[in-house]
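Here is a short report on a single structure.

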Amino acid sequence: MMNRPPTVEALHLLLVEASETERRLPRAHPKPSVTYWPVYQQSEWLAYADETTRQKLDPATARQITRYDELLETIVALKTEEDRKILWVTARMAAFRTRIPWLKIGKVFSIDRRTAKRRYESALLHLFYSM
């Protein structure tokens, strides 16, 4: 069981970090490689010159994966499935963003955005005090 964060905001940030960590983990089934590209030293004029080139995320660290596992165990211990879903969907949509898209979260659950925010805050408080 993980240590209780000092505040509810810290717990929210921990949820978002866990979601970002999940995106950094390798795929469950790696894509088969069709061709082989030799490794070569990138020169300055070849490095990401195209605007369509997307950089990959850095791999997750061992500390991030440990916190991710501990948080998942804590979330699974919640009694209601609705609380688990709203917590994880909100964390997934808030990852790598500055604002939480409440309208999109409301559409996922077919509820109003204000209701989605209220349910998330309620589930977050429930998780905080159950730790």
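Where does S110 lie? S110 is in the loop between α4 and α5.

## Basis

This is a predicted model, in which local features need pLDDT of at least 70, side-chain atom pairs count only at pLDDT 80 or more, and totals for chains, interfaces and linings use all residues. Residues are numbered from 1 along each chain as its sequence is written, and side-chain values use heavy atoms, with hydrogens and water left out.

## Loops with positive phi

Most residues other than glycine have a negative phi. S110 has a positive one, near 55°. S110 is exposed, at 67% relative accessibility. Exposed means over 50% relative accessible area, buried under 20%, and partly exposed in between (1.4 Å probe, protein chains only).

F96 also has a positive phi, near 60°. F96 is in the loop between α3 and α4. Its relative accessible area is 39%, so F96 is partly exposed. Helices here are DSSP runs (H or I, at least four residues), numbered from the N terminus.

## Aromatic pairs

The structure holds three aromatic pairs. One of them joins W102 and Y120, tilted, with 5.6 Å centre to centre and 55° between the planes. W102 is in helix α4 (residues 102–109) and Y120 in helix α5 (residues 113–130), 18 residues apart. Both W102 and Y120 are buried. The rings of F128 and Y129 have centres 5.1 Å apart and planes at 75°, so this pair is edge-to-face. Rings of Phe, Tyr and Trp (its six-membered ring) pair if their centres lie within 6.5 Å; planes under 30 degrees apart are stacked, over 60 edge-to-face, the rest tilted.

F128 is buried, at 6% relative accessibility. Y129 is exposed, at 58%. The charged end of R4 sits over the F128 ring, 4.1 Å from its centre. That term requires NZ of Lys or CZ of Arg within 6 Å of the ring centre and within 35 degrees of the ring normal.

## Nonpolar core

The largest nonpolar core has 22 residues. A nonpolar core is a set of buried Ala, Val, Leu, Ile, Met, Phe, Trp, Tyr and Cys residues joined through side-chain atoms within 4.5 Å. L15, L71, L87, Y120 and L124 have the most contacts inside this core. At least two core residues come from each of α1 (8–24), α2 (62–76), α3 (81–94), α4 and α5. Helix α5 gives the most, with six residues.
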